[in-house]
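Let's take a quick tour of this protein and its ligand. Keep the 3D view open while you read.

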Amino acid sequence: MFAKRYQKLTPYTPGEQPRNRKYIKLNTNENPYPPSPSVAEFLHSMDITQLRLYPDPSSLRLREMIGEYNQVSPDNIFIGNGSDEVLSFCFYSFFDSNEGPLLFPEHTYSFYPVYCSYYDISFKRIPLQNDFSISFDSFLREKEYTGIIFPNPNAPTGILSSIEEINRLMDSVPKDRIVIVDEAYIDFGGISAVSLTEEYSNLLIVQTLSKSRSLAGARIGIAIGEQKLIKALNTVKDSFNSYPLDYISQRIGEIAISDQEYFQSTISKIIATREYTVRTLLKLGWEVLPSKANFIFIRNKKKSGIEIYTYLRNQGILVRHFNHPGIENFLRVSIGKEKDMELLTELLQFQ
Ligand SMILES: *Cc1c(COP(=O)(O)O)cnc(C)c1O
C-alpha cells in the first residue's frame, strides 16, 4: 500500500507554531515586524478577479525587480515556493545518488540531510573549528565530493564567513562541482556572494524573502547563478509544479523588494536589538557566539540546554533547542522586538 521510498523518509521538524497558548515566539527566526506597509495597501485594494487566472509560472516581474536589486539579469534568477523548495530542486538537479558525497558543515541547517535522504544523496559533515566557525580548509582537504553547501551566516551558529574566504574557496573548488551558499540571513550584517556568480559558473546563491522582508507566510525563495544552473532548476520545477508561486505572493514580493527604506529601517532595528541582547547576556555571564543573523546561539555553564528551554517555555517564551551532540547545551534565540528581548534577558539571570 505504501511505496518503499516513502517508508524510509525522515522528515525535517520545523519549530513549533503553537495554537493553545500565546507565546513570545523566538523559535523560528521570523521577523518581529510586519511586511512593508505597501504590502498591506496592495492586499486591501487588490483586484480579486486576478485569482481566476493561473499566475506567471516564471515570476518574471519579481525576477526583474530582484535582478535590479542585485544587479544581475532576470535570466540568472530562479523563483520557488520558499527557499526550502529551491534547495530541494538544487539537490535534485546537481547531486547524483550514486556519486558523492555532498559536503556540509557538521552543525548546519538540518534540512540538508533530510533532502539527502529524500534523493538518496550521500553526504559528509565537515567539523567546525573550536570557535564554531566554518573552516573552508577542512572542506578543501576532502578529495572526493560532488558539491558543497553551507548557509552564510551559518545556522544555527549565526557566524558569518567573509566574502574573501568564499572567494578563496571558489578559487580552489574544481569547476565541475557546485557550491551553494544559502544566504537566508545575509541581510542582517553580511555581504552577499552574488557578485561572485559572474566569475564562478559553479556558484549558486540561495536567498529568501521570509526573514529579512518579513514574508515567511508568502513562501518566496530565490536562486541566483549562471544561466545553465537556472535552466536546470526550471526543468526540475516544470517536471514537478509549473506554478510554485501564486499571484498574491508574486505581487507582494515585488512590493517588498521595492520598499528599500522600510527594509533598511527594520533591519537596523533588528541589528540594534541583537547587539543590545548580546551585550546584556555577556554581562550576565552567558557564552554568545558572534552573530550576523537575526538570531543568537547561546549557552550557560550553570544549566543544560534542555533545562533552560523548558524553563523559558513555562515562562511563555519559545526558543529552539537542538539535541545534537556538541551543541546540546546551546539555545537558538530569534531576535524579537526590543521589549521581548528585555523580558528574555530579565529571565536569563542565573547568578
Ligand atoms: C529559514 C531558512 C531557510 C528556508 O527559508 P524559506 O524561504 O522560508 O523556505 C533556508 N535556509 C536556512 C538556513 C534557513 O534558516
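What you see is a predicted model, where local features need pLDDT of at least 70 and side-chain atom pairs count only at pLDDT 80 or more, while totals for chains, interfaces and linings use all residues. Residues are numbered from 1 along each chain as its sequence is written, and side-chain values use heavy atoms, with hydrogens and water left out.

**The ligand and its surroundings**

- Around the ligand you'll find Gly82, Ser83, Asp84, Tyr109, Asp182, Ala184, Tyr185, Thr208, Ser210, Lys211 and Arg219 (a residue counts as near if one of its heavy atoms lies within 4 Å).
- That shell splits into three nonpolar, four polar and four charged residues (Ala, Val, Leu, Ile, Met, Phe, Trp, Tyr, Cys and Pro count as nonpolar, Asp, Glu, Lys and Arg as charged, and the others, Gly among them, as polar).
- Helix α4, residues 82-94, gives the most to the shell, with three residues (helices are DSSP runs of H or I with at least four residues, strands are runs of E with at least two, and both are numbered from the N terminus).

- A ligand nitrogen atom is 2.7 Å from an N or O atom in the side chain of aspartate 182 (a polar contact is a pair of N or O atoms within 3.5 Å).
- A ligand oxygen atom is 2.6 Å from an N or O atom in the threonine 208 side chain.
- For serine 210, too, a side-chain N or O atom is 2.6 Å from an oxygen atom of the ligand.
- Taken alone, the ligand exposes 390 Å², and the protein buries 92% of that (areas come from the Shrake-Rupley method with a 1.4 Å probe).

**A three-stranded sheet**

- Three strands form an open sheet in the order β9-β10-β12, with antiparallel pairing (two strands pair if DSSP finds at least two bridges between them).
- β9 (287-288) and β12 (330-334) are at the edges with a single partner strand each, so one side of each has no neighbour in the sheet.
- Two bridges join β9 to β10 (residues 295-299), and valine 288 stands opposite isoleucine 298 in β10.

- Most residues other than glycine have a negative phi, and most peptide bonds are trans.
- Asparagine 29 is not a glycine, yet it has a positive phi of about 60°; asparagine 29 sits in the loop between β1 (24-25) and α2 (37-45).
- The peptide bond from asparagine 152 to proline 153 is cis, with omega near -5°, and proline 153 is in the loop between β5 (147-151) and α7 (163-172).
- The bond from alanine 155 to proline 156 is cis, with omega near 5°, and proline 156 lies in the loop between β5 and α7.

Methods
A polar contact is a pair of N or O atoms within 3.5 Å; within protein, one must be able to donate a hydrogen and the other to accept it, and residues adjacent in sequence count only if both atoms are side-chain atoms.
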